[in-house]
Amino acid sequence: MKAVVYHGPAQRSVEDVPEPHILTPSDAIVEVTTTTICGSDLHILKGDVPAVQPGTIIGHEAVGIVKEVGASVTKFKPGDRVLCSCVNACGVCSYCRKNLPSHCLGEEGTSGIGWIQDHLINGTQAEYIRMPYADNSMYHIPDNVSNEAALMLCDILPTGFEIGVMKGKVQPGDVVAIVGAGPIGLSTVMTCDFYGPSRIIVIDLDPSRLDAAKEFGATNTVLSSSKDWIEQVNALTDGGLGVDVAIEAVGIPQTFDMCTKIVRPGGAIANVGVHGKPVELHLEDLWIHDINISTGLVSTTTIPMLLKLVAQNKIDPSRFISHRFNFDEFDQAWDTFSNAKHTKALKVLITKESA
C-alpha cells in the first residue's frame, strides 16, 4: 500500500509498504478513505518529537471503512464507516478509568501515552491502518455527517476544546485571548463560544489568518507585529486589567510568553501548542499574580458530544478544509500545508476519491 514514511528530521517519502494486519484481539483494520496533515506532524518532521522512529508512517487523523476486526471487538464490523481518534484507549488502565486516555497505559501497562499512531506505531497517512483498542478508539459516523466534517473531530476540534477551552476554564462573560490562528487556534475559537465568553480576541502575525478568525467567531483580532499589541488587547478587557483566559495555540517560546503578558491576576493560561524548545517561565513576576497554568494532551473524550453537534448542524468543522488532494498527491498536500503562510492552507483533505 501507499504511505507517507518518516525517515528522520526533514526527511519523509511516499512509499509502497506492507499492509497492516491484526496483531491483538482488540485491533481493527480500517481502509482509509480520508486523512489529513496535522501541525504536530510538522513538529515530528522537524525532529521535535524524538520518540518517533525513522520508518514510522506519519499521521493520526483518519476516516475510513472497517475492513477486519479482532476477535474481541464487539462495537464494529466490516463495512462500518468510522472516525478514528488520534488517541487509542484500552479502557481499563488507571488513566482510562480516570477519563484521561491521553495517558493510557495499555492493557499491558507498557505504553504510558494514548497518542501512539505516528508516535509509537504506524499512523494514518496510508491506504490502511491498524487501530488498537478499536472499541474505545473509533466512532460510528452518523449518516448525515460527511467524511470531511468527521475528520476534523479526530484531533483538532477536541484538542482546541479540551486543552484550550475546558482546561482554561472559560466562563460566561470571560474575555478570552487566543494566541495563534492556525487550525488549533481556530478550533478553540469555534468551541470557545459554547461557554458564552463576552469577547474572543485572536492574536496572530498573519492578517489573512486574522480574517479567518473573524469568520470562525472571533469578536476582535490583533496583529501581533504591532508595537502596541499588548495595549490593544488590554483595551478590550475589563478596566484594562488583562484577559481572563489566555490560550497558547502555536508551540513556540515567544507565544507562550505573550500569554503571560496579557493575562490578568487571577486568570488562566492554557497551553495547547506542541513545544519543541524550552520555555522561560518568569515566576519572579507571575508568583504573585495567582495565575493558573495548564498543559495537556487531548484525550478526545468529547468526540461523541462534538459528533452530536455536527449531526445537528450546530457546528460545521468542514469549514477548516482549504485544499483538497487525492492519494496520488501526498507530496503536493505536504508542500501546501508546510507553506501555509503562502498557500493560506488551514487543513488539507487527502482522499481516495477525486480531489
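Me: Hi! What does the accessible surface of the protein come to, and what share of it belongs to carbon and sulfur atoms?
Reply: Hi! The accessible surface is about 15,100 Å², and carbon and sulfur atoms account for 51% of it. Such areas come from the Shrake-Rupley method with a 1.4 Å probe, and for residues only the protein chains shown count as cover.

Me: Thanks. What kind of model is this, and which pLDDT limits apply?
Reply: This is a predicted model: local features need pLDDT of at least 70 and side-chain atom pairs count only at pLDDT 80 or more, while totals for chains, interfaces and linings use all residues. Residues are numbered from 1 along each chain as its sequence is written, and side-chain values use heavy atoms, with hydrogens and water left out.

Me: Good. What radius of gyration does the protein have?
Reply: The radius of gyration is 20 Å, which agrees with the value near 20 Å for a compact globule of 355 residues. The radius is taken over C-alpha atoms, and the globule rule is 2.2 Å times the number of residues to the power 0.38. Along the principal axes, the C-alpha atoms fill a box of roughly 60 × 45 × 40 Å.

Me: And how many helices and strands are there?
Reply: There are 13 helices and 15 strands. Both are DSSP runs numbered from the N terminus: helices are H or I with at least four residues, strands are E with at least two.

Me: What percentage of the residues is buried?
Reply: Buried residues make up 55% of the 355. Buried means under 20% relative accessible area, exposed means over 50%, and partly exposed is in between (1.4 Å probe, protein chains only).

Me: Which share of the contacts joins residues at least 24 apart?
Reply: That share is 70%, taken among contacts between residues at least 6 apart in sequence. A contact means heavy atoms within 4.5 Å.

Me: Switching to charges: how far apart are the mean positions of the positive and negative ones?
Reply: They are 3 Å apart, for 27 positive and 41 negative charges. Lys and Arg count as positive and Asp and Glu as negative, with His and the chain ends not counted. Each charge is placed at NZ of Lys, CZ of Arg, CG of Asp or CD of Glu.

Me: Let's zoom in on helix H11. Which of its residues are buried?
Reply: In H11 (residues 303-311), the buried ones are Ile303, Leu306, Leu307, Leu309 and Val310. Seen down the helix axis, they fall within an arc of 160°, so they line one face of H11. The arc is that of the directions from the helix axis to the C-beta atoms.

Me: Why would residues three or four places apart point the same way?
Reply: An α-helix has 3.6 residues a turn, so residues at that spacing point the same way.

Me: Nice. What do the buried residues of H11 pack against?
Reply: They pack against strands S5 (81-84) and S7 (138-140), and against helices H4 (147-151) and H5 (156-166). H11 is followed by Asn313, which has a positive phi near 60°.

Me: Which residues of H1 are buried?
Reply: Ser40, Asp41, His43, Ile44 and Leu45. Their cover includes strand S1 (2-6), strand S2 (12-16) and helix H12 (330-338). Just after H1, Gly47 has a positive phi of about 90°.

Me: What does His43 touch?
Reply: Not counting residues up to four places away in sequence, His43 touches Asp48, Val49, Val250, Gly251 and Val274. Its relative accessible area is 11%, so His43 is buried.

Me: Now loops. Is Asn88 buried or exposed?
Reply: Asn88 is buried, because its relative accessible area is 1%. The residue lies in the loop between S5 and helix H2 (94-97). Leaving aside neighbours within four places in sequence, its contacts include Cys104, Met131 and Tyr133.

Me: And Lys169, buried or exposed?
Reply: Lys169 counts as exposed, at 60% relative accessibility. Lys169 sits in the loop between H5 and strand S8 (175-179), and its phi is positive, near 55°.
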